Amino acid sequence: MSDSMTIKVDYLARVEGEGGLVVRVRDGRVREVSLNIFEPLRFFEALLRGRRFIEAPDITARICGICPIAYQMSSAQAMEQACGVTVDGQLRAFRRLIYCGEWIESHALHVYLLHAPDFLGYENALQMAKDHGDAFQRGLQLKKVGNEIVAVLGGREIHPVNVRVGGFYRVPAKQELAPLAEKLEWARDAALETVRWVATFPFPDFEQDYEFVALRHPDEYPVNEGRLVSNKGLDIAVGDYDDQFAEEHVRRSNALHSARKGGGAYLVGPLARYSLNFNRLTPAAQEAARSAGLGPVCSNPFKGIIVRSVEILYACEEALRIIEAYEPPERPFVDVRPRAGMGYGCTEAPRGALYHRYRIDEEGVIRDARIVPPTSQNQRTVEEDLRRFVPLHLDLPREELTRRCEQAVRNYDPCISCATHFLKVTVEKE
Amino acid sequence: MMALVAEPKRKPKLAVWKFASCDGCQLSLLDCEDELLAVAGAVEIAYFMEASRSVVKGPYDLSLVEGSITTPHDAERIREVRRVSRHLVTIGACATAGGIQALRNFKDVNDFIAMVYAVPQYIDTLVQSTPVSANVPVDYELQGCPINKKQLLEVIGAFLFGRRPVVPPHSVCIECKTRGTVCVMVAHGTPCLGPVTHAGCNALCPAYHRGCYGCYGPKETPNTASLSRWFGGLGMGEDDIARAFRTFNAWTEPFRKESTAHER
């Protein structure tokens, strides 16, 4: 293979949204790596101005059809903070439950339909299904269980209607959750099988020295709350996010790139959550991870597919625990009266920390909004991965190297729809 | 309508296109967990970037289009999609009505750009977010934010067999009556867009004890003015009435007129 080339993917497949990739190599050195985001702009932060604070969960859900719960949770909690209200007890548990559903649905979609074909050498999951029919069906059924949790609690899988500032519009009776518990017991076994299956995939040696950033909570695997911490000294309250992180607007991208102020690229998402919170996983999830060959820290982004599978297992167990302990609260929501102020919300979307900040006035009208999705936080890290990955594999034929580059991008399950406010893969040959 | 199956031996080619959107409506197809293999058996999935890196060249028998038209490049691209498609069906509120991003149509888009992006000259965008039908002729529009996946299967099936899709055009109110949900507006005084909103969600919100917020867009001939008077009677201010009509289907004619009538 020539030591000068350009790898170019005009339109990345099997990611959410529109983006491409360019990698330029000259004399065996990577000269340029860029993820290009051509997903059109939708201006959510601007169109939120002038809306009522209670509208934020329904409006921001429309940023992403794959992880609407994440948007609903981050925005609702930001508004509650602005108004000095805390949602706890069963309502808090119920929020965690619907979020578990979204993790299962989103992770199963990525593991089985979007990423596994890369490891097994297929163009898509339907092609993979011809040779791996049982696995494909298991993936679909896992995804379906996640979707059913979201649909029972939220009304429907995509853009659920039941989440509100202060809690929910309606909470179910205990018996309504019983059918979910049965399906979750199947899903727990299927998740364990998923961990075993993906552990057999071929992984390149590609351990990296990342700064992992994720929420950390005193006694739970992080979902809805915690402090933002890293393996390199960060430990802040969510409200201090803007002091530590900045977004930058670069020409080739309709997404804004994030970086640590005074630092550089960092990584959010399953790898970060896992590596910062391994000891908060259930014993069964920890055991499954160890059996799959993972330690308490995972620094190989290609093994993100194993970590996602471990998180599916965790989410199934956690959902079962919540359902077993569930007692319907007296009221489905707590009253939230607006007051002038700032509110900050950060929750763990399937792809990583999702930060919202709002300023509202005394009438509850939104005056300013800022939303930082996980994919824009990871974009710089994705590029750095490629900058290190490509030189190791210049001996590969270009078509094969292009595939591997795409796979390296898909390690992050990038959601371009979210990050646009985000993605394009080109590898050019000179 | 002509059946898609022109030659009995060839499977019809299905393409899924994305413009400005959240990906949720095309995800609806992947969310048909129990029917996905059957669909893949009945059609050749020829272009679907969210699901596959392989691309089969057009022309395509059925194109499903998600998203609204918001950039000069996309305005060109939708013409190309129309050119290579025998049938073009819009899926969801963005493609059918312009989506939530059409809220820019009521403002100066340059103000919007400056609010989000530090270097506005990098941004290439149109002044308005428009539905596909404002750019090219469409064969069918499936409403909803998001669409109902069963209705999506119905639409695909209908086009496969060359018949009209069976998608009821009545209001959400009829769905409440059918499922036996007590009217939230009559019984609880909760403002509800159900009387003017197209059916398809199976009256979800009232079943969850909230008023319909109109995510399926206007039904045929909605009496929005009458509903606004009811809203006023329930104590809603003009600003809130305008906001109610100005969400995911804000740029449809009936909702646009009604919201503008209450704008101050």
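In this predicted model, B:Q26 is placed in helix α1 (residues 24-30) of chain B. With a relative accessible area of 4%, B:Q26 is buried, and, leaving aside residues up to four places away in sequence, B:Q26 touches B:V16, B:K18, B:F48, B:E50, B:E66 and B:I91.

**Contact between chain A and chain B**

- The contact draws 69 residues from chain A and 62 residues from chain B, and the area buried between the two chains is about 5700 Å², with carbon and sulfur atoms giving 59% of that area.
- Between chain A and chain B there are 9 salt bridges, including one in which the side chains of A:R52 and B:D240 meet at 2.7 Å, N to O.
- Across this interface, 27 residue pairs are in polar contact, counting pairs in which both residues have pLDDT 80 or more.
- On the side of chain A that touches chain B, the elements that give two or more residues are α1 (44-47), α2 (56-61), α4 (89-120), α5 (125-131), α6 (133-154) and α13 (398-410) of chain A; the largest share of that side, 11 residues, comes from α6(A).

**Salt bridges over all chains**

- Side chains of opposite charge can pair when their charged atoms come close. Over all chains the count comes to 52 salt bridges.
- One of these joins the side chains of A:E80 and A:R95 at 2.6 Å, N to O, and this pair links distant parts of the chain, with A:E80 in helix α3 (residues 68-82) of chain A and A:R95 in helix α4 of chain A, 15 residues apart.
- Both partners of that pair are on the buried side of the cut-off: A:E80 is buried with a relative accessible area of 3%, and A:R95 counts as buried at 2% relative accessibility.
- In chain B, the side chains of B:R79 and B:E76 meet in a salt bridge of 3.3 Å, N to O; because these residues are 3 residues apart in helix α3 (residues 72-83) of chain B, about one helical turn separates them.
- B:R79 is partly exposed, with a relative accessible area of 42%, whereas B:E76 is exposed, with a relative accessible area of 51%, which lies over the 50% cut-off.
- B:E253 forms a salt bridge with B:K257, with 2.8 Å between the closest N and O atoms, and, since the two are 4 residues apart in helix α12 (residues 253-261) of chain B, they are separated by about one helical turn.
- B:E253 is partly exposed, with a relative accessible area of 46%, while B:K257 is exposed, with a relative accessible area of 55%.
- Salt bridges that share partners also join A:D118, A:E123, A:E399, A:R403, A:E406, A:R410 and B:R53 into one network.

**Aromatic rings and charges over them**

- Over all chains the count comes to 21 aromatic pairs, among them A:Y221 and A:Y314, whose rings are tilted, with 5.0 Å centre to centre and 50 degrees between the planes.
- A:Y221 lies in the loop between β6 (213-216) and β7 (227-230) of chain A and A:Y314 in helix α11 (residues 304-325) of chain A, so the pair ties together parts that are 93 residues apart in sequence.
- A:Y221 counts as buried at 0% relative accessibility, and A:Y314 is buried with a relative accessible area of 3%.
- One aromatic cluster is formed by A:Y112, A:F119, A:W197, A:F201 and A:F203; over the face of A:W197 lies A:R138, at 5.7 Å from the ring centre.
- Elsewhere, the charged end of A:R260 sits over the ring of A:F245, 5.8 Å from its centre.

**Backbone geometry**

- Most residues other than glycine have a negative phi, and most peptide bonds are trans.
- The peptide bond from B:G58 to B:P59 is cis, with omega near 0 degrees, and B:P59 is placed in the loop between β2 (44-48) and β3 (60-66) of chain B.
- A cis peptide bond also joins B:C145 and B:P146, with omega about 5 degrees; B:P146 is placed in the loop between β5 (140-142) and α6 (149-161) of chain B.
- A:H159, a residue other than glycine, has a positive phi near 50 degrees; A:H159 lies in the loop between α6 and β4 (163-164) of chain A and counts as buried at 1% relative accessibility.
- B:T221, which is not a glycine, has a positive phi of about 40 degrees; B:T221 is placed in the loop between α9 (204-207) and α10 (224-233) of chain B and counts as exposed at 72% relative accessibility.

Key:
Residues numbered from 1 in each chain as written. Chains lettered and ligands numbered in written order. Predicted model: local features only at pLDDT ≥ 70, side-chain atom pairs only at ≥ 80, totals over all residues. Heavy atoms only, no water. Phe/Tyr/Trp six-rings, centres within 6.5 Å; stacked < 30°, edge-to-face > 60°. Buried < 20%, exposed > 50% of the residue type's maximum accessible area, 1.4 Å probe, protein only. Lys NZ or Arg CZ within 6 Å of the ring centre and 35° of its normal. Contact = heavy atoms within 4.5 Å. Buried area = accessible area lost by both parts, 1.4 Å probe. Salt bridge = Lys/Arg side-chain N within 4 Å of Asp/Glu carboxyl O. Polar contact = N/O pair within 3.5 Å; in protein donor to acceptor, adjacent residues only side chain to side chain.
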